[in-house]
Every structure is written in C-alpha cells, then in structure tokens.
Amino acid sequence: MIQKPIGDIKEELKNTKQEQLMAFVKAYEQDARAGVQKLVAATVKKHEKYEKELIRTETLKKYEKEYDNYTYICGIDEVGRGPLAGPVVAGAVILPKDCDILYINDSKKLSAAKREELYDEIMEKAVATGIGMVGPERIDEINILQATYEAMREAIGKLSPQPDLLLNDAVTIPEVSIRQVPIIKGDAKSISIGAASIIAKVTRDRLMETYEDIYPGYGFASNKGYGSAEHIAALKKMGPTPIHRASFIKNFVS
C-alpha cells in the first residue's frame, strides 16, 4: 500500500476543521512513521485542549443560565480606572443565548493578539454592543468612580435592543432602572462580562495608541496611560498633556 507523503498529510491537517480532528487521528494512528505519529500526538493534544475550553466556556455561562428567563442579558465592564492619562471606557455586550465564542476571559488574562481576534468575533456575533467613554476633564470634575458609572450608563444607552438584566463586574450602577447583578471578579466568571471587558480594553488600547502620535515621548502606545517609569519620567520632564488627569498626577508635576 502506497503511503501518503507526510507533506500531504500536514496539508490535510491544516485544512481539517476542529470537529474533524479525531477523524484525522483515527485515519493516521496506525501509520508507524515517526513524522506522522508526531502529527497525530499533536492533534490529540489540540483536541484535548479544545474539549477543555468547551467545558470552561460552559462554566462561564453559569449566570446567563441562572437568569435564562430574561430575554436580553447584558454584561458590563470597564477599563482604565487606574491610568494617569486617557479616558475610562466601559463596554456593554448582549450575547446570543446560544453563544459559541470560545476563549473569552478577563481581558487582562489574554494576549493583545487574542483580544483583537475576540473583539472581531464578539462584534460580529453579539446581539448588541455599546461603548461608553468619559475623558480626563470629567474624571477630574466628578472623580473616577462617578466617571466609571457615567461611562457604563452611556454604554448601556447605546444598546439596541435594550437589556432587561445587567451582569456587572463588582459594582451596582446608580441611576439605572434595569435590574443589576453585581459579580465579584465577574470578567472571569461570566461570558457576557468577559466579552464586555474585551471590547472595552481593545477600544481603549487602540485610542491610546493613536495618542502616541499626537503626544510623542510618553510611551502611550506601550503603557496605555498607566504610570510606567518611562511615562512618569516624561511627565516630570515635559509636563502634562491635555489627556492627563490632573487629579492623578499631583505627585509628579508641580
């Protein structure tokens, strides 16, 4: 029997869909060639990792399943409460009940490349998404906590359809009539909140990268406005920009 060249088998594996991986394993597990056995072993590992992710994602739907009697469940999260510069950004996401997006997690636990990839998938598959943004002047005026609430209310207001339940990362948002369920560390416990944290983080990171060109020298593309050594040194040397939060930088500028 003529054996298929290993190069052809590699190409076949490359074009094999996730749900067909075990069929690939069965087709080649008896092939004794070391190169083929290596491919088979790697495929089994990939499939096991996929199965684990399916289970993890199902556990992330715990709250969504608990409140399944609600039609539109929205996850809410924010990013940017701690930086010295830039806005605080809130994300609001309503996912479909049969959401099949894998790898959603607290945005801080994901690589920038994975966040970008998931951002596109969330924006494509979500029932509705909303972004709220509050800038430095307003943060200085009303404080960061109130600014965060304002950004969250703005994000919710942009949703169509409007949600009938909010799953929030830890907080209860004032002046919102929709029922709220605050969940501690919610971005790692709820798929909806995790999705909201991802779109908020990607939106803010992209914005801070544009500020690198407008206000060079502060390292905004890399530090995203947080108080890195490079950022603080530039602040002391060049002074604040219009996107700095005056209430946050008192210790670094006279």
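**Getting to know this predicted model**

Q: Which helix does D205 lie in?
A: D205 lies in helix α8, residues 191-214 (helices are DSSP runs of H or I with at least four residues, numbered from the N terminus). This is a predicted model, where local features need pLDDT of at least 70, side-chain atom pairs count only at pLDDT 80 or more, and totals for chains, interfaces and linings use all residues. Residues are numbered from 1 along each chain as its sequence is written, and side-chain values use heavy atoms, with hydrogens and water left out.

Q: Why does D205 count as buried?
A: Its relative accessibility is 10%, so D205 counts as buried (under 20% relative accessible area is buried, over 50% exposed, in between partly exposed, using a 1.4 Å probe and protein chains only).

Q: What does D205 touch, leaving out residues up to four places away in sequence?
A: D205 touches R115 and K224, where contact means heavy atoms within 4.5 Å.

Q: What makes α1 and α3 roughly parallel?
A: Helix α1 (residues 6-14) and helix α3 (residues 34-60) pack at about 15°, with axes 10 Å apart. The axes are lines fitted to C-alpha atoms over the stretch in contact, and angles run from 0 to 180 degrees between N-to-C directions. Under 35 degrees is roughly parallel, over 145 roughly antiparallel, 65 to 115 roughly perpendicular, and the rest oblique. So α1 and α3 are roughly parallel.

Q: Which residues make that contact of α1 and α3?
A: I6, I9, K10 and L13 come from α1, while G35, V36, L39 and T43 come from α3.

Q: How do you know that α1 and α2 are roughly antiparallel?
A: α1 packs against helix α2 (residues 21-28) at about 160°, with the axes 10 Å apart. That angle is over 145, so the two are roughly antiparallel. Here I9, E12 and L13 in α1 meet L21, F24 and Y28 in α2.

Q: How many aromatic pairs does a search of the whole structure find?
A: There are 4 (rings of Phe, Tyr and Trp, taking its six-membered ring, pair if their centres lie within 6.5 Å; planes under 30 degrees apart are stacked, over 60 edge-to-face, the rest tilted).

Q: Why is the pair of Y211 and Y215 called tilted?
A: Their ring centres are 6.1 Å apart and the planes sit at 35°, so the pair is tilted. Y211 has a relative accessible area of 17%, so Y211 is buried.

Q: What makes the pair of Y218 and F220 stacked?
A: The ring centres are 5.4 Å apart and the planes are at 5°, so this pair is stacked. Y218 and F220 are both buried.
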